[in-house]
Amino acid sequence: MNFGFSEEQELLRAEVRKFLDQNCPLEEVRKLSETPQGFSRSYWDRFAELGWVGLGVPEVHGGIGLGWVDLVVVLEETGRTLFPSPLIATSLASAAIQAAGSEAQQARWLPGIADGSLIGTLAHLEDSDVLGCAGVELLARRDADAFLLTGGKHMVLDAANADLFVVPFKSGAGEEDISLAVIERATAGLDVEPAGSIDVTQRQGRLRLDGVRVETDAILGEPGGAAPLFERLLDCGAVAITAEAIGASEAALELTASYAKQRVQFDQPIGRFQGVKHPLAEMYVDIESFKSLLYYAAWALDNLPEEASLAASRAKAYASEAFPRIGIDTVGLHGGIGYTWEYDAHLYLKRAKWCRPTFGDADYHYERVARLGGI
Amino acid sequence: MDFNLEPEEEAFRAEVCAFLDENLVPDGERTAEFMAEWSRKVRERRWVGFSWPADVGGGGGSLMQQVILKDEMAKRKAPPLGSCFMGLAWVGPGIIQYGTEEQKQKFIPDILDGTYQWCTGYSEPDSGSDLASLKTRCVREGDEYVVNGQKIWTSIAMWSKWMILLVRTSTNVEVKHDGITCLLVEMDTPGITVRPIKNMSGGSIFAEVFFDDVRVPVENRLGVEGQGWQVTVSALANERSGIAEVHGLVRTLSDVKELARSCRRGGRPASQDPGIRRRIASADTRIEAMRLNGMRFLTKQLKGEPVGSESSVNKLHRALLEIELGELALEIQGSRGALDGESALDGGRWQKFSLNWPEVVIGGGTPNIQRNIIAERILGLPKD
Ligand SMILES: Cc1cc2nc3c(=O)[nH]c(=O)nc-3n(C[C@H](O)[C@H](O)[C@H](O)COP(=O)(O)OP(=O)(O)OC[C@H]3O[C@@H](n4cnc5c(N)ncnc54)[C@H](O)[C@@H]3O)c2cc1C
């Protein structure tokens, strides 16, 4: 019995942390957030060289062939420094291709993903704002063997930076009649419109499809048979976002606890007042708890798929509830300085507000926990 | 990460399961004869005091075996292993660690056999959370200590034969934690008066205990004079990962779900009320977080890493869940939640349950104290 990380995983964590601390501290994150693309190509290429972009890609396609638990280790670290990159988006597209792509499809896209040259993303949400198969309204028209897609997707992670879009669409009338297409950026009829983000370190946007032609060789798996995979990708998304939330909330707690030890009012460090120390203790309790839930969810994605949805929903529900409160307390417990642009507290608060709805908020996931738990 | 057991651990689990298959009867059918048989059999297998060293009569079980045993027992709602609750929880471990050879021989077998009960005389009227401020006076006269003062909230004092007692042997100390001594006191010693206290559920499980020139032989001191605090702290620090407790919570939650299906609230089954659904799911999620926090804690213990105050995380969850599940069960019943006794659903089971939380929430260190522990010992904030 071992509910902890292996030596290799601890080493991986240490390497990622060292890279980020040396290259991309928060001053650098702030600079990157002011650029249109929002991330650094050269860090991305280094990430790819070090194997961290293709972590889950099989070795035959240029990756390392590891699992979600390993990716969680990396994401906790990227979350800790709010490192801006299309890593989550690309990992989701990569997971889709790994799970259902033919040998030819894998050979066509995975090596590019692993070496950093292809950024991928999952266009999982439409204007209905309903997660899952029920929210997919994009209905294809048949044109001989091909499908024609006209419609839109919103909240697409890293939309403007992506080279590959994994797009769920309906290929028939039934709710479960879902197919997944891989659409390359240059495809005629595809258009991307960046959207502003509450978290300046994040990029997202709207995808417009106007008669986009999808040939059969761009469909992952059997047409109409992708509903289970699509649901799984949403679980993966929830896990990935929550993994970054762990790192970010730990950094927020560290920042606030150390401030509470230094800041003196009424002749004592404010950390002596229970009105300050108890919210900090609650932060710790919440972080440790959604961390445990998340580790288990990642393990289940790799080892016990039938339990992964419930586990992922528990983790994301808890995190979606706790992380915004952690963000608010991080700002509030700093007093006036916490409200300034200069100081870093708001960066965590904004990440929390961004995380909350992304891949499902607490209401959504608690409802799922209730349903999967038999009521 | 790997949730599989080693082959020999798996074999031990199989042994426990086989025993339970053969010997356990359902909760409602446990007669006095069954209980006597059960006690004899689990004692025979050395599953009572399973974590204690074999040379004092314990089972010498490894950490992982202890977890497996408790886990399987709790899963099937088996009766407790042994009946001397406080003796097994902290008096015994204290005696094993600090006791003399004579004390071990005198007390440990009776604790394992459940011959009689022990009670715990720590809290005083003016010393609760701030236990180290305790004042019960104690002076040595020859081969005896003479005790004067009062204890309070002493659970099962009226049914106990012995008490583990903290007294003050010195007031001339720099820090209040010094000058405290731990004594083992027979409850029928002249000068002891026990007065039961009725609690808000109407029953009495704890009492006030008065000491009036009570004479305790020096040989019944546990550990060194003036170092009773260390004796207490290390005995109480017999922290477990708390994984087994989760089974009880899971069972209660499953009954709460059943209740939600059967009760109507606002014209529909309570199980369809979005607010109730979210609260059930939130409790479910916190219980699962406790289970998994416990597994991470256990992993650290198994690796021999120092484990600190992390168990306070689960103590806080446990306390808040204990309250929330009671509230939820009453709110699910709508206006009928305000009934009680025979007029209420299930004979008032949930009303009773909803008033029992202080045992967990106040009895074992209050939530505020747990928050202080986390803030001070884990986050390094200044003491208040
Ligand atoms: C069912 C039950 C069984 C018990 N059994 C036993 C037993 O067998 N033996 C025994 O010795 N004791 C027993 N106790 C006593 C128990 O240990 C004490 O009640 C507990 O330590 C709290 O002490 P107190 O009641 O004096 O409350 P207080 O310490 O006076 O606390 C009152 C309130 O103030 C808060 N508070 C106190 N200090 C602080 C602080 N520093 N920061 C923030 N808030 C604070 C507390 O959280 C609480 O809400 C039992 C109690 C109960 C309810």
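## Basis of the model

This is a predicted model, in which local features need pLDDT of at least 70 and side-chain atom pairs pLDDT 80 or more, while totals for chains, interfaces and linings use all residues. Residues are numbered from 1 along each chain as its sequence is written, chains are lettered from A and ligands numbered from 1 in the order written, and side-chain values use heavy atoms, without hydrogens and water.

## Chain A overall

Chain A has 11 helices and 10 strands. These are DSSP runs numbered from the N terminus: helices are H or I with at least four residues, strands E with at least two. The radius of gyration of chain A is 21 Å, close to the 21 Å from the globule rule for 375 residues, so chain A is as compact as a globular protein of that length. That radius is taken over C-alpha atoms, and the rule is 2.2 Å times the number of residues to the power 0.38. Along its principal axes, the C-alpha trace of chain A spans about 80 × 50 × 45 Å.

Of the 375 residues in chain A, 60% are buried. Buried means under 20% relative accessible area, exposed over 50%, and partly exposed in between (1.4 Å probe, protein chains only). Take the contacts (heavy atoms within 4.5 Å) in chain A between residues at least 6 apart in sequence: 75% join residues at least 24 apart.

## Where the chains meet

In chain A, 42 residues are in contact with 43 residues of chain B. The two chains bury about 4,300 Å² between them, with 61% of it on carbon and sulfur atoms. Buried area is the accessible area (1.4 Å probe) that two parts lose on being put together, summed over both. On the chain A side, A:Met1, A:Phe3 and A:Ile375 lose the most area to chain B, together 21% of what that side buries.

## Aromatic pairs

Over all chains, the structure holds 26 aromatic pairs. Rings of Phe, Tyr and Trp (its six-membered ring) pair if their centres lie within 6.5 Å; planes under 30 degrees apart are stacked, over 60 edge-to-face, and the rest tilted. A:Tyr43 and A:Phe83 make a tilted pair, 6.4 Å centre to centre with 50° between the planes. A:Tyr43 lies in helix 3 and A:Phe83 in the loop between helix 4 and helix 5 of chain A, so the pair ties together parts 40 residues apart in sequence. A:Tyr43 is buried at 14% relative accessibility, and A:Phe83 is buried at 4%.

Another pair is A:Tyr296 with B:Phe3: the centres are 5.6 Å apart and the planes at 80°, so the pair is edge-to-face. A:Tyr296 lies in helix 8 of chain A and B:Phe3 before helix 1 of chain B, so this pair joins two chains. Both residues, A:Tyr296 and B:Phe3, are buried. The charged end of B:Arg291 sits over the ring of A:Tyr296, 5.4 Å from its centre. For this, NZ of Lys or CZ of Arg must be within 6 Å of the ring centre and within 35 degrees of the ring normal.

## An enclosed helix

Helix 10 of chain A covers residues 345-355. Nine of its 11 residues are buried, so helix 10 is largely enclosed by the rest of the structure. Among those buried are A:His346, A:Arg351 and A:Trp354. The cover over the buried residues of helix 10 includes helix 2, helix 4, strand 3, strand 7, helix 7 and helix 9 of chain A.
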